[in-house]
Amino acid sequence: MRYEDDPTTPKGVPRRGQMLFASVFGAFAVFLAVSYPGQTAWVEKTKTAAQPGFWPLIGVGGMVLFTGLHILRLNSRRLRRPDWAEGRRWTGALEFCVWFLAYVFLVPVIGYVFASALFVPALTWRMGYRSGFMLWVSLGFALAVVVVFKAFLEVKIPGGAFYDYFPAALRSFFILNL
Amino acid sequence: MDLILSALEVLARWDVAVALLAGSVGGVLIGAIPGVGPAVAIAILLPATFSLDPIVGLTVLLGIYGSSMYGGAIPAILINTPGTAVNALTTYDGFPMTTRGEARRALSLAYSASFFGGIVSVVALILFAPVLARIAPMFGSREIFLAALLGIILVVIAHRGQTLIAAALASFGIFLNTVGLEPVKYTRRYTFEQSWLAGGIDLIVVVLGLFALSQAFLLLTGEDEKIRMTRLRGGLFQGFRELARHPRVASVSSGFGVMMGMIPGVGEFTAQFLGYTYAQKTSRRPEDFGHGSSEGLIASETANNAVPAAAMVPLLALGIPGEALTAMMLSVFYVHNVVPGPGLFLYQMDFVVALYLALLILNVLVLAFLLGATNQLIKVVKIPNRFLGVCILTLSFVGVYSLRNSATDCAIAAAFGIFGFILKRLFLPIVPIILGMVLGGIMEVKLRSSMNRVKEPLDFIDRPVAFILFCMIVIILALHIRRVWLDARLRKEARWRVAHRATRFGGHLHRRRELIEAKRAKDLRARRAILPRPEKAGD
């Protein structure tokens, strides 16, 4: 039976990628199940419900059981071309993951304000907004985020190593507020 | 009366007033931008609220939660795109009204219906609070365990058609909660000898990854939408007059909102569905529903706005969050060492009533803001999607990094971001993972403590509340099994229909050609094969 002929499938749920996701998630669940004996412990003279390994068993057991049943319930249990195409779309998000991690590693080095002022306009440029207006808006947004969160809400983000090159008064101002 | 006065005393602070204003205006703005939603905003703001007082932090988050649905109605009505997921039903009747040139009427009706739903639920819960204060102490460890179990079962079976994968994801959430050092016997669970896993996986990191980063990835990999806006002229007060003509629909729908909000794992969608169905079935003009019916709009907006206040009941009274947003709020309580549960209703009732009063004031503030600023507010709908993605990615960094200044946390959040992105692309549910994590932790602690007093299995349900909860679980599971059986029958019928479907002559020819081609290819492969194929026994 085709996916769209199944009356119990929720409307709008795509068929592409479902089997690929279920297979990868199922394989991960099986890996966790195989690792179970080495990664948990059962302690003597303790009730089952209080065993350290009891709840991981429930979690991993549930993952294996329900993912297995989900795969059996899927209308198509073969990986087809649209599944692989969908898989390639998933890897497209990795680029932005790298952008995000680059930002994370940049902050302790050049400081929150400079990293943000560099990251936001650069990513805006990358996304195709190349007008001067959008770049100024992105820079304004970056500075506003830094001021609101670091100066006003006082969230804990350490100063950058680059701030050490600043004069003492300026350095302490930057460490505290930017 | 004394209770209300002492609650007002809790609220009478400048920082609470600022939090109320920021939460209400911020929530409306966030709701009005399709693609952001309250979950993303709350996930990002969560670590920032840890440094605030519990009442201030919770007021901001409650503000966003309660007012985002007001804002979400704006794009739902004007451009047929719900601002938040729960405004999807608003598009059914809101957008057809806009196409008829009645955008102002639709918005006005949505605001007044939302306001009615919000106020009714808060007033009902303030009146209901003394009753809750009496019931809450009846919940011991085993009752809370059973209520959490009921919550997780309801969350799973609420995803009709996706129950199995929802159960697998909830189990994944339960597993995630167990990673790290076990707090009683001090044994390691799934740490794989890695020091960064010994401390466990932080809920906030998972929440930020699954909600905020995944949304950023989704927007960044997508396309910008072209939006054509409708100009609004005139005032927005006429909705109240129209609402007054449908008191029955408004009050029943808000009643559904209050009831469904109180049940963990059910929430806005069921409340809206029930309210809308009721309104349609009892309407004199049911054929108008889905084509710009004012009753339909009232039913959906009153029901979804009655939920936030009611959803705080299981959280405050039992410490059990019913959905992802209240699960996030639970972490604010834990950070400030305020333990939600029966004790909170017994000893800090003024705090509970203060939260409800904050919601009441919030509804008034939001309405005043919307009546005055809708014309300016609708411009936020035009923000390009991919630029929004850039903004969410930037803000997510603050959320994750400010927790422990850990790059590892950011990498874990990024990994969950990719996972959430995949789930969102496949329309698979994310909420069971979060509730699995939160409720799994609660169930582990409560089951362990309750088993100390249990000698035989039946002792577990020998108290009235525990017995009622157990019966509810059994009934819900029985109903679900019946639903599964009916679905299987439906699928069988559909399979039969497909197998016996009338086909065209062209279809026959096509299949015949495929068959011949497959046979030829098989013969060719057999001829070219290096090793001869073993002959079948019958050949």
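Entry 1, a helix pair. I started with helix H6 (residues 132–152) of chain A and helix H18 (residues 385–404) of chain B, whose axes come within 11 Å and cross at roughly 25°. I kept in mind that this is a predicted model. Angles under 35 degrees count as roughly parallel, so I put H6(A) and H18(B) down as roughly parallel to each other. I also noted that the crossing of H6(A) past H18(B) is right-handed.

Entry 2, the residues in that pair. Which residues of H6(A) meet H18(B)? I found Ser138(A), Phe141(A), Ala142(A), Val145(A) and Phe149(A) on the H6(A) side. Facing them in H18(B) I listed Val390(B), Cys391(B), Thr394(B), Leu395(B) and Val398(B). Sorted by class, this contact gave me eight nonpolar, two polar and no charged residues.

I counted 64 residues from chain A and 59 residues from chain B. Helices H1, H2, H3, H4, H5 and H6 of chain A each supply at least two residues of the side that touches chain B. H2(A) gives the largest share of that side, 12 residues. By class, I have 42 nonpolar, 15 polar and seven charged residues on the chain A side.

Where they touch, domain 1 puts in 11 residues and domain 2 puts in 10 residues. The domain 1 side of this contact has nine nonpolar, no polar and two charged residues.

Note on methods: Residues are numbered from 1 along each chain as its sequence is written. Chains are lettered from A and ligands numbered from 1 in the order in which they are written. This is a predicted model: local features need pLDDT of at least 70, side-chain atom pairs count only at pLDDT 80 or more; totals for chains, interfaces and linings use all residues. Axes are lines fitted to C-alpha atoms, for helices over the stretch in contact, and angles run from 0 to 180 degrees between N-to-C directions. Helices (H or I, at least four residues) and strands (E, at least two) are DSSP runs, numbered from the N terminus. Angles under 35 degrees count as roughly parallel, over 145 as roughly antiparallel, 65 to 115 as roughly perpendicular and the rest as oblique. A crossing is left-handed if the near helix is turned anticlockwise from the far one by less than a right angle, and right-handed if clockwise. Two residues are in contact if their C-beta atoms, placed from the backbone, lie within 7 Å. Ala, Val, Leu, Ile, Met, Phe, Trp, Tyr, Cys and Pro count as nonpolar, Asp, Glu, Lys and Arg as charged, and the others, Gly among them, as polar.
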